[in-house]
Amino acid sequence: MPNNFYISFFLFIRLLLSFQPKSYAQSTNQSDDDHQILLGLKQHWGRNSPALSGWNASSAAHCNWGGVTCTNGVVTAITLSNQSFIKPIPASLCFLKDLAILDLSYNNFSTSFPIILYNCSNLNYLDLSNNLFVGNLPDDINRLSTQLEHLNLSGNSFTGSIPPSIGWFPGLKSLILDTNGFDGSYPAEGISNLTNLEILTLADNPFASAPVPWEFGKLIHLTVLWLSDMNITGEIPDSLSNLTDLKTLALSENRIQGIIPMWIWQLRKLQKLYMYGNSFIGETAANVTALNLVEIDVSANILTGTIPEDFGKLTSLTLLYLYYNQLHGPIPPTIGLLPNLADIRLFNNKLSGALPPELGKHSPLGNLEVSNNNLSGELPEGLCFNRKLHDIVVFNNSFSGKLPESLESCNTLDNLMMYNNHFSGEFSTSLWSVVTNKLSSVMIQNNNFSGTFPTQLPWNFTQLDISNNKFSGPVPTLAGKMKVFKAANNLLSGEIPWDLTGISQITDLDLSRNQITGSIPMTIGVLKGLHALNISGNQISGNIPAAFGFMSALTILDLSSNALSGEIPKDFNKLRLSFLNLSMNQLSGEIPTSLQIEAYDLHLNPGLCVSSNNSKHNFPICMARSNFSNDLSRRLVTLFSVLASIVFLSSAVAGFLVLRKQKHRQKPLPWKLTPFHALHFTEHGILSGLCEQNWIGSGRSGKVYHVHVADEAGAGTTVAVKKIWRLQSLDENLEKDFLAEVQILGEIRHTNIVKLMCCISSSEAKLLVYEFMENGSLDRWLHQRERIGAPAPLDWLTRLQISIDSARGLCYLHHGCSPAIVHRDVKSANILLDSEFRAKVTLGLLGFFSNLENQSQFLPWVELSATCLQSMDIRRG
């Protein structure tokens, strides 16, 4: 009985399975096969790709994996672009029997064309673009699926000719072969058989020269025809007028001649027309009915005539490029009414008249380039009405009048090129404002602008040329990213600022023919990248700083027509100048050897001389200036000998008497240098730089100087020297206390503590030599922005870094020093910034001076601070 039951049950199950459709079983099996094939692909291509990393063997739901699309549980599409695949496409890929879509674009395949794809019999979409495939396309490429509708092989390195079999895909709708290295021919007749083709791109290939194929006129369903940069010659055939569905027509950068056919301007569906970089001639069609045009670029041809009035009907137009042609006449006023126009470039033509008065008022105009024409009148008032304008390029015209008021609040401006016109009036001060933080290039030279030039310029300024205008005011002290500043022939006055760190990135500086006075600051050496300097034709006096000799990038130097005096520094021998003009000054002394060449102009300096008559300059020999006539020399020698004898005897007697009276006094101590680091300079180099010209400030304990000293190798370094006053009456104990405290400070070694390099002392003065911090104190950047010449505000990342650096310095003083040091005067003025805005805490001798003032016993430990750096100090400004 039980056996009969089991037999009956088995027969029942067999009966149920017999009713199950065969397709279900096949589908289930195929799904399992696809699952295993996909896992094999993962193993072949690796696990590092973003998509394949999510293909998990433990998950049976492969249809949910990234890059996989299924229909009824069967894989029909693989989309794995941008996965950095290198290994070739495996044959197992075509085991996915229902695979219809394959996208492997933007990978790193570098083989020849993968003919294993011939086995993917159901493919209708194949995208292998933007890889590294090489070699010729196979002659039997038609063995790909006959169902193929989309073939994209662009952006590879295929070479040779395109095989005729490319035209044997009856259902092909898009053939994209641009941007390869095809250097043979292309089968125009074969391609013309693809009557269902909608997109055809053969551009950017070095094909053999050939005319535009007339056969392409058969492809009446084309919407995109891109044949740019493929060595096309001849004229455009009329057969292409059959392509009435065209939306994009691109024939640019070829060698096409003749006129642009009338029918092109009447393609009613045409949106983008690119014909630039050919040799088209003649006039543009007057009757334009292609009213859907969005972009027109027919630049760099030989077109003549005027701009068609019908362009004013193209209400969808956003881009109009007609530059580098021979167009003449006015710009139609209706172009100023186009509601979508964003970019208009008409430069290098022969256009005349005024700009359309409504230009910019009705559209999001972003770019206006009309330079090198004969345009005149004023700029349209509404040019920046919609606050989208970023470029105004109108140089080399005859524009006049004041700038439109809309530019005063046009904070989107990036580039302003208006030179060689007749603009006048006061230049808008708001354009110099730091609020206009996008403006980087201003070139307005050779106009009649006036106004006061600011000392502080926007941080983003990189190029500024205001030459040959009527600007007044001082030389700017702050323009953080400025590379080129030219202000020749204006009314600038005052002195060249001592603090040049605010323009330290400048490479080309021209302040010639202004009214600048004073001397050339010694700090000129901070302009290490400067390669051209012209300050001729001013009223600058004083000596030429030796710092010039250390400006290795300098190749052009013009200091002529000033009132400079003294000798030419010997360090000029280190320069490699291509141009030098020191003429018309009051220089004297021997001309450095390297400057005694004919190419350099040193004339009209009556005090200059040369060491020998080998110089090509017509200067006297230096020794000859002291060679008077023999008689006169003898008499003078005799006279001075007698006088010298009298003076000597008198001095000896007087000295003897003085010594008798002051023999109890101790002789003054000579200068003594106490180094705390390896030094490449001597005390004499420091002492020679302690002049008023190098003075940069004073504190409660003394003066601070900026001194440039040379080392033995001929290079140089800049140091800060603090000369301490009120020390003449120190007794022996205080002298020891001072040296003890300095010794402790000199032994500090930390990247966030200003380095005390050495101490130079005598009985009359004490000099502390510190490393020089190019960007000065933090106080200058936080609390002095209302002052003239103040720097731009610090961004928040820089403020955070300054806070961290300062905290590290203080932490070292409190916990890393032995004995511990407490600062007691932490404030933004005592935090200095180097050239990269890294902060260092500076230490004073506060304990010493406090005790000096109170005449109390000096403490045996160093106690230099006690307050914290207030976070509010960093947040302000």
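## Salt bridge between Glu771 and Lys840

In this predicted model, Glu771 and Lys840 form a salt bridge through their side chains, with an N to O distance of 3.2 Å. The two partners lie in distant parts of the chain, 69 residues apart. Glu771 belongs to strand 50, which covers residues 766–771, and Lys840 belongs to strand 52, which covers residues 839–841.

Are the two partners buried or exposed? Glu771 has a relative accessibility of 17% and counts as buried, because the cut-off for that class is under 20%. Lys840 is also buried, its relative accessible area being 14%.

## Other salt bridges

The whole structure contains 10 salt bridges. One of them joins the side chains of Asp245 and Lys269, at 2.9 Å from N to O. Asp245 is partly exposed at 22% relative accessibility, and Lys269 is partly exposed at 41%.

Lys574 has a relative accessible area of 35% and is partly exposed.

Which residues are linked in a network of salt bridges? They are Asp343, Arg345 and Glu369. As a general point, side chains of opposite charge can pair when their charged atoms come close.

## Parallel pairing around strand 41

Strand 41 spans residues 563–566 and runs parallel to strand 39, residues 541–542. Two bridges join strand 39 to strand 41. Across this pairing, Gly542 is opposite Leu564 of strand 41.

Strand 41 also pairs with strand 43, which spans residues 586–590. The sense is parallel and there are two bridges. Here Ser565 is placed opposite Gln586 of strand 43. Strand 41 therefore has pairing partners in strand 39 and strand 43, since two strands count as paired when at least two bridges are found between them.

Key:
Residues numbered from 1 in each chain as written. Predicted model: local features only at pLDDT ≥ 70, side-chain atom pairs only at ≥ 80, totals over all residues. Heavy atoms only, no water. Helix = DSSP H or I, 4+ residues; strand = E, 2+ residues; numbered from the N terminus. Salt bridge = Lys/Arg side-chain N within 4 Å of Asp/Glu carboxyl O. Buried < 20%, exposed > 50% of the residue type's maximum accessible area, 1.4 Å probe, protein only.
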